Amino acid sequence: DPSVLRGAFVGHTDAVWSLVYSGAHKRLLSCSADGTIRLWKATEIAPALNIFNDNQEMGIPSSVDLVSSDPSLMVASFNSGHTSLFNMETRQRILTLESISSSCQINRVISHPTLPISITAHEDRHIKFYDNNTGKLIHSMVAHLDAVTSLAVDPNGLYLMSGSHDCSIRLWNLESKTCIQEFTAHRKKFDESIHDVAFHPSKCYIASAGADALAKVFV
C-alpha cells in the first residue's frame with residue numbers, strides 16, 4: 001500500500017538483525033550482518049546520521065538497545081561475545097562490559113528500564129547482568145536448556161522474560177533472579193523455536209514469536 005510505505009532507509013548491505021526506535025529523539029537504531037550499527041533520523045528518509053563498528057572491530061552486531069538510564073547511549077552485543085556502550089552522537093565507544101568467556105555469541109542485549117543495567121542472552125544458555133557504570137558482571141545464570149534467544153523486561157522493571165530454542169518462555173523475578181513461571185510456547189523447527197518475546201507496555205499481556213511461523217499472545 002503506497003499510502004502506508006513512507007520510504008526505505010538505504011545503507012545496510014546484508015540482513016538487518018535488530019531495530020529499536022527512540023520516540024523521545026525520533027531516532028531509529030539498526031544493526032546488520034554487514035557488521036555495522038546505524039543511527040537514522042526517523043522523521044525523514046535520509047542517509048544514516050552515524051555509523052558504528054564499520055571496521056568490524058567488535059565483530060558482527062547481533063542486537064542493539066537504547067540505554068534507558070542515559071538517553072545519549074546505546075548498548076550493542078556482538079557475535080564475538082562482546083557487549084559495548086556507545087555514545088550515539090560522538091560515535092565513541094564508552095565502555096566494553098566485562099566478558100569471562102568472550103567467544104560465545106550473544107543473541108540479545110536489553111537495557112533495564114529504570115536501572116543502569118544491561119542484560120544479555122547467550123548461545124551457551126546463560127543470561128548475564130552487567131553494571132553500565134563499571135562494566136562489571138553482576139550476575140550470571142544458566143537460564144534454559146538451549147540457546148537463549150530473546151529477553152524483555154516489564155515496564156516497571158520487576159520481571160524479566162526470556163525465550164529459548166528449548167521451546168520455553170521463562171519469567172524471572174529480577175530482584176531474586178529466580179524463575180517464577182515457565183511454559184512451553186512454540187514447537188521446534190530446524191532446531192530453532194522462540195525468536196522473540198515482549199511485554200505489553202500497559203496491559204497484562206505477553207507475546208512471543210517462533211520458528212513455527214506463529215505469533216502468540218498470552219494473558
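Which residue lies over the face of Phe129?

1. The model is predicted: local features require pLDDT of at least 70 and side-chain atom pairs pLDDT 80 or more, while totals for chains, interfaces and linings use all residues. Residues are numbered from 1 along each chain as its sequence is written, and side-chain values use heavy atoms, with hydrogens and water left out.

2. Lys177 lies over the face of Phe129, 4.9 Å from the ring centre. The criterion is NZ of Lys or CZ of Arg within 6 Å of the ring centre and within 35 degrees of the ring normal.

3. Asp154 sits in the loop between β13 (148-153) and β14 (159-164); strands are DSSP runs of E, at least two residues, numbered from the N terminus.

4. A polar atom of the Asp154 side chain lies 2.6 Å from the backbone nitrogen of Tyr159. Beyond neighbours within four places in sequence, Asp154 contacts (heavy atoms within 4.5 Å) Pro113, Tyr159 and Phe199.

5. There are 3 aromatic pairs, counted for rings of Phe, Tyr and Trp (its six-membered ring) with centres within 6.5 Å. Phe52 and Phe86 form an edge-to-face pair (planes over 60 degrees apart), at 5.8 Å centre to centre and 65° between the planes. This pair links strand β4 (residues 50-52) to strand β7 (residues 83-87), the two residues being 34 apart. Phe52 is buried at 1% relative accessible area, and Phe86 is buried at 5%.

Terms used
Helix = DSSP H or I, 4+ residues; strand = E, 2+ residues; numbered from the N terminus. Polar contact = N/O pair within 3.5 Å; in protein donor to acceptor, adjacent residues only side chain to side chain. Phe/Tyr/Trp six-rings, centres within 6.5 Å; stacked < 30°, edge-to-face > 60°. Buried < 20%, exposed > 50% of the residue type's maximum accessible area, 1.4 Å probe, protein only.
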